[in-house]
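Please read this note with the model open beside it.

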Amino acid sequence: MRGVPHRFFGWGRGGGGAGGPPPEVLSAAGCAVQVVEHMPSLGRKMLMAGRGGLNITHSEPPEPFLARYAGAAPWLAPFLAAWSTEDIRQWMAGLGQESFVGSSGRIFPSVMKASPLLRSWLARLQEQGVTLHPRTRWTGWDAAGHLTFAQSAAKNPSEAGETWSAATEQVQDTSLFTAPDAVILALGGASWPRLGSDGGWVSLLEQRGVAVSALRPSNCGFQVAWSEPVRERFAGTPLKPVALTFAGQTVRGELVVTASGLEGGALYALSAPLREHLARHGAAELLCDLRPDLSVQDLAKRLAAVRPRASLSNKLRKALRLPPVAVALLREAGPVPVSMPALAARIKAVPVRLTGVEPLARAISTAGGITQAACDDRLMLRALPGVFAAGEMLDWEAPTGGYLLHACLATGRGAAQGALAWLRETHPERYRMPL
């Protein structure tokens, strides 16, 4: 049995979940696996996610869990079912990392860090004979159809601000790898490019006939034309709890005022409909409930109890405990109502005019990517037999809360299983291992 595939892929977004499972699955099945990573080390995106505890999945029941993937749910369903939340927790335990379910239903490593899990994962890959090639970037195919690469001697060209064209030299396939029997791509989207994902693969695949939907920001911030006092005084200030409503959908959570607009978990959950509305109309009105725990009637009653001569700021502070940033948001919406019932109604639905989407490089994740029609049911690219794709390269999006990393992990495993099945079909003389 020949020890292949010699497999190339980027560690999803410089360390996201899609890049990890394929080498583990393939090497465990007896394949010789080569991993190419254009950053100096693997796992950077995972380490960044770990700063918040590494929310790796969610404990929701299968039906509402699947609904988080909206229109892509039918496409992702087989992969999510094949590697469920419980499967991920058992996999973590097998790496010596127990997990727990938080009060919100999100699942984290017990140590609330990504580094121990990443170290154990990399150690397993090493034990299984996986060969790693850092500081090496895939650059496409040559005229003969061979994979081409560029290697960098720079410590970290991406973070140093250098371009790959200036910091690298071209290396042909035969000088780095033998011709692979299969290729799995897990190059991420185009968010957080300094951690490894820059979307540079899009043109390479489109040139080969692979259909790719435009990459767009997801779980992202939005721009607001704040007044100068708001920008100067409140940039970086959190606002919680709030409830945001747009297009009939309401999400409760927190916001953060930025110099250019708004960020925060509640807003991220609405990013898809807001983004699409802005693309069509150029602006969007978001309604913000500054006191989601109280009804309009409760608010009006509390406001009426404050002495009439009190200033607006004092009324809002004494009666409703609204912080200064909330008062500023209320004032930004236009003239503040004078009557207590009208003021209470405004507080429950403060209009915020969004004027744009923050750049893709600042988004948490990416929408768009390789279309479903461009892949078969094993995640092999129809235009490129033997080439598979996983993670955020595929056209799907989901909110934060563990859904992003779970789908990356699941599609990474799915692509690896698909590659094994394809190899067994196309090279039965070399791949007789059980799937």
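This is a predicted model: local features need pLDDT of at least 70, side-chain atom pairs count only at pLDDT 80 or more; totals for chains, interfaces and linings use all residues.

1. Some totals for the chain come next. Of its 435 residues, 55% are buried. Taking contacts between residues at least 6 apart in sequence, 71% join residues at least 24 apart.

2. In what order do the 7 strands of the open sheet stand? The order is S16-S15-S12-S13-S14-S11-S17, with antiparallel pairing. S16 and strand S17 (356–357) are the edge strands, and each of them pairs on one side only.

3. On one hand, S15 runs antiparallel to strand S12 (residues 237–246), and 3 bridges join the two. Here Leu 287 in S15 stands opposite Thr 245. On the other hand, S15 pairs with strand S16 (residues 350–354) over 5 bridges, again in the antiparallel sense. In that pairing, Glu 285 has Arg 353 of S16 as its bridge partner.

4. A helix also belongs in the description of this sheet. Helix H16 (residues 324–332) lies across S12, strand S13 (249–257), S15 and S16. Relative to S12, H16 runs at about 40 degrees.

5. There is also an open sheet of 3 strands, in the order S2-S4-S3, with antiparallel pairing. Why is one side of strand S2 and of strand S3 left without a neighbour in the sheet? Strand S2 (57–58) and strand S3 (99–101) stand at the edges and each has a single partner strand, so one side of each has no neighbour there. S3 is joined to strand S4 (residues 106–109) by 3 bridges, and the two run antiparallel. Val 101 has Ile 107 in S4 as its bridge partner. Helix H6 (residues 85–94) lies across S2, S3 and S4, and runs at about 145 degrees to S3.

6. Helix H14 (residues 296–304) and helix H15 (residues 312–320) cross at roughly 115 degrees, with their axes coming within 9 Å. The crossing of H14 and H15 is right-handed. Which residues make the contact? From H14 they are Leu 299, Arg 302 and Leu 303, and from H15 they are Lys 315, Leu 316, Ala 319 and Leu 320.

7. The largest nonpolar core has 127 residues, and Leu 205 and Ile 370 touch the most other members. Helix H18 (residues 403–426) gives the most to this core, with 13 residues. Leaving aside neighbours within four places in sequence, the contacts of Ile 370 include Trp 75, Trp 201, Leu 205, Val 210, Met 393 and Leu 394.

8. How many salt bridges does the structure hold? There are 15. One of them joins the side chains of Arg 124 and Glu 24, at 2.6 Å from N to O. This pair links distant parts of the chain, since Arg 124 is in helix H7 (residues 115–127) and Glu 24 is in helix H2 (residues 21–28), 100 residues apart. Is Glu 24 buried or exposed? Its relative accessibility is 8%, so Glu 24 counts as buried; the cut-off for buried is under 20%.

9. Lys 348 and Asp 289 also form a salt bridge through their side chains, at 2.7 Å from N to O. Lys 348 lies in helix H17 (residues 340–348) and Asp 289 in strand S15 (residues 284–289), so the pair ties together parts that are 59 residues apart in sequence. Asp 289 is buried, with a relative accessible area of 10%.

10. The side chains of Glu 276 and Arg 275 meet in a salt bridge as well, at 2.8 Å from N to O. Glu 276 has 29% relative accessibility and so counts as partly exposed, whereas Arg 275 is buried, with a relative accessible area of 6%.

Technical notes
Residues are numbered from 1 along each chain as its sequence is written. Side-chain values use heavy atoms; hydrogens and water are left out. A salt bridge is a side-chain nitrogen of Lys or Arg within 4 Å of a carboxyl oxygen of Asp or Glu. Helices (H or I, at least four residues) and strands (E, at least two) are DSSP runs, numbered from the N terminus. Buried means under 20% relative accessible area, exposed over 50%, partly exposed in between (1.4 Å probe, protein chains only). Two strands pair if DSSP finds at least two bridges between them. A nonpolar core is a set of buried Ala, Val, Leu, Ile, Met, Phe, Trp, Tyr and Cys residues joined through side-chain atoms within 4.5 Å. Contact means heavy atoms within 4.5 Å. Axes are lines fitted to C-alpha atoms, for helices over the stretch in contact, and angles run from 0 to 180 degrees between N-to-C directions. A crossing is left-handed if the near helix is turned anticlockwise from the far one by less than a right angle, and right-handed if clockwise.
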